[in-house]
Amino acid sequence: IVEQPQGRNYSPGDVVSVIGPIGEGFPLKRDVQQLLLIAQDYPPIRLLFLMNQALRSGMSVTLVLTGDAREAYPINLLSPAVEVIQSDNAVNWADQRQTFLWAEQVFAVTSPALWIDYYAMLLRAAEESRHALPEGYLHGVFDFPLPCGTGGCMACMVRSKDGNQLACLDGASFDLARIKFG
């Protein structure tokens, strides 16, 4: 089961649909206790499963909603255990440096049309806050349209320092320190 509606439990023998791109999911480190999730000018939907998994594991979770993301998702539906930070600015928020220092791992999502600019700015802000990023610290979720879901069409290609990767097979989350911007 990749994702399931909240409140729905599955039992052995239940039939579930797993058709579609699976990829590698979210590489959440085992020892993380403080998780930062960022929705940059884009709805946080792709981060909600990770948020709920983190809360069930006893992690502290902060969700930053910037730009249009502030109005794109009703925060009253979130668990009261989630700290929510909102900002008009798509890439900056109050106490951003402290938030990056607090977080042990970060996952962000933004529009497929804006990812190059927004993720590059987010990476710079994280580097300026922490000076050196631990491996796997900052991940971008690439919410591309996936026409084939098998890697055949190459529509979801992400250029990285490790070679070209496909969001449908290798992602949808990638370490932003390994991405080639521009």
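This is a predicted model: local features need pLDDT of at least 70, side-chain atom pairs count only at pLDDT 80 or more; totals for chains, interfaces and linings use all residues.
Residues are numbered from 1 along each chain as its sequence is written. Local features need pLDDT of at least 70, side-chain atom pairs count only at pLDDT 80 or more, totals for chains, interfaces and linings use all residues, and side-chain values use heavy atoms, with hydrogens and water left out.

**Exercise 1.** Classify the pair formed by Phe26 and Phe107, and state where each residue lies.

Step 1. A pair of aromatic rings is described by the distance of the centres and the angle of the planes. Rings of Phe, Tyr and Trp (its six-membered ring) pair if their centres lie within 6.5 Å; planes under 30 degrees apart count as stacked, over 60 as edge-to-face and the rest as tilted. A search of the whole structure finds 8 aromatic pairs.

Step 2. For Phe26 and Phe107 the centres are 5.6 Å apart and the planes make 85°, an edge-to-face pair.

Step 3. Phe26 is in the segment before β1 (34-40) and Phe107 is in strand β4 (residues 105-110), so the pair ties together parts that are 81 residues apart in sequence. Here helices (H or I, at least four residues) and strands (E, at least two) are DSSP runs, numbered from the N terminus.

Step 4. Buried means under 20% relative accessible area, exposed over 50%, and partly exposed in between (1.4 Å probe, protein chains only). Phe26, at 25%, is partly exposed, whereas Phe107, at 0%, is buried.

**Exercise 2.** Classify the pair of Trp93 and Phe100, then say whether each residue is buried or exposed.

Step 1. The ring centres of Trp93 and Phe100 are 5.5 Å apart and the planes are at 50°, so this pair is tilted.

Step 2. Trp93 has a relative accessible area of 6% and is buried. Phe100 is also buried, with a value of 0%.

**Exercise 3.** Which residues do ring pairs link into a cluster?

Step 1. The cluster consists of Trp115, Tyr119, Phe142, Phe144, Phe174 and Phe181.

**Exercise 4.** Describe the backbone at Asp95, His131 and Ala172.

Step 1. Asp95 is not a glycine, yet its phi is positive, about 55°. This residue sits in the loop between β3 (82-87) and α3 (96-102) and is exposed, at 57% relative accessible area.

Step 2. His131, also not a glycine, has a positive phi of about 70°. Its loop runs between α4 (115-130) and β5 (138-141), and His131 is exposed at 65% relative accessibility.

Step 3. The peptide bond from Gly171 to Ala172 is cis, with omega near 20°. Ala172 belongs to the loop between α5 (167-170) and β8 (173-175).
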